[in-house]
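User: I would like to learn how to read a protein model feature by feature. Could you walk me through one?

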Amino acid sequence: MSERKIALITGGSRGIGFSCAKELAKAGCDIIINDICDAATAQPAIDEIKSLGAEAWFYQFDVSNDEQVHTAVEKMIAEHGKIDILLNNAGITKDGLFVKMDAEQWERVIKINLGSAYYVSHAVIKYMMKARQGAIINMSSVVGLHGNAGQANYSASKAGLIGLTKTLAKEFGKRNIRVNAVCPGFIQTAMTADLGNTDEYMKLIPMGRLGTPEDIAKVVKFLALDTDYVTGQAIEVSGGLII
C-alpha cells in the first residue's frame, strides 16, 4: 500500500473539484476522480494530475445511486487499499422561484447535492474507521448559511450538508476522522457563468473580485492535510460577501 495519501473527489473532472484535485496532487496525494462523464471526457483531467507527479484514476458512477456508490468504493479499496481523504464535491443547480418549483427540481437537487454526500461518506467511512484516521470535506455554499431567493432546493441541500458535517464530526472525532464543510461564495465556474450581473455581485464583495476555484482548493488542502485539530466547521470562502 502506498504511503502517499489517496483522495477521492466526486465531481472532480472540472471546476472546483478539479482545482482541488490538482492542489492535493501538488501537496503529495494520489487522486481518485469520480464523475458522471465517460472516461474519455475525464482523461485530460487525469493526464494533467499525473503531470504533477501524482497517480490518478477515474471511476465513473452516479453519486446519487447508492448501489453504484458502494460497488465503486469497494472496487477502489480492493485496487488501492485505502481512501484517506473524501471531498464530497458533486452538485447541480435547478433554480426557480419556490412557487414555480416542481417536485422533480426539488428532489433531483437534494438527492445529488445532499444524498450523494450520505451515500459516498457511508461507503467510505467504515474504511476510515478501520484505519482510525481520515478527513471528509463537504462542499457546501454561502447559500447554505444564508439562503438565496430562487434557490430553495440548492440552499436546502447545502444547509443539509452543514448539518451532516457537524453531526459526523461529533460521531467520528474519537476515531480521528475530521469532517468539515467549505462554503464558497461567488466563484468563477461553469455553474455560476449563467448567473449574469457579475458587476452587481462584485459590489457586494469587500475583496472586490469573484473567487476562483483555486481559492477554494487552498482551503480544502488546509482542511485535508494541514491541520489535525479542526473539525465540525463550515468555513465561508466568499471574499467577505457576508460579514
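Predicted model: local features only at pLDDT ≥ 70, side-chain atom pairs only at ≥ 80, totals over all residues.

User: Let's begin with the whole chain. How many helices and strands are there in the protein chain?

Analyst: The protein chain has nine helices and seven strands. Its C-alpha atoms fill a box of roughly 50 × 40 × 35 Å along the principal axes.

User: What does the radius of gyration say for a chain of 243 residues?

Analyst: The idea is to set the value beside that of a compact globule. For 243 residues such a globule would have a radius of gyration near 18 Å, and the protein chain has 17 Å, so the two agree. As for burial, 49% of the 243 residues are buried.

User: Now the strands. How do I read the pairing of strand 2 and strand 3, parallel or antiparallel?

Analyst: Look at the direction of each strand and at the bridges between them. Strand 2 (residues 30-35) pairs with strand 3 (residues 56-60) in the parallel sense, over five bridges.

User: Which elements make a right-handed β-α-β unit with helix 4?

Analyst: Strand 4 and strand 5 do, with helix 4 between them in the unit. Strand 4 (residues 85-88) and strand 5 are parallel and share four bridges, and Ile-85 has Ala-135 as its bridge partner in strand 5. Strand 5 also runs parallel to strand 6 (residues 177-184), joined to it by six bridges. Ala-135 stands opposite Arg-178 in strand 6.

User: Is Val-220 buried or exposed?

Analyst: Val-220 lies in helix 9 (residues 213-226), and it counts as buried because its relative accessibility is 1%. For a loop example, take Gly-232, between helix 9 and strand 7 (234-237). Gly-232 is buried too, with a relative accessible area of 9%.

User: Finally, how does one find empty space inside a model?

Analyst: Rolling a probe the size of a water molecule over the atoms shows where empty space is left. Here there is one cavity of 30 Å³ or more, and the largest cavity has a volume of about 40 Å³.

User: Which residues line the largest cavity?

Analyst: The lining consists of Thr-10, Asn-88, Asn-89, Ala-90, Asn-113, Ser-116, Ala-117, Met-139, Lys-158 and Leu-161. Helix 4 (103-131) and helix 6 (152-172) are the elements giving two or more residues to this lining, and helix 4 gives the most, with three. By type, the lining residues are four nonpolar, five polar and one charged.

How values were computed
Residues numbered from 1 in each chain as written. Heavy atoms only, no water. Pairing = 2+ DSSP bridges. 1 Å grid on protein atoms, 1.4 Å probe; cavity = no way out; pocket = protein on both sides within 12 Å on 5 of 7 lines; lining within 4 Å. Points joined across faces, edges and corners; volume = space filled by probe spheres on them. Nonpolar A, V, L, I, M, F, W, Y, C, P; charged D, E, K, R; others polar. Rg over C-alpha atoms; globule rule 2.2 N^0.38 Å. Buried < 20%, exposed > 50% of the residue type's maximum accessible area, 1.4 Å probe, protein only. Right-handed = clockwise from strand over helix to strand, strands pointing away.
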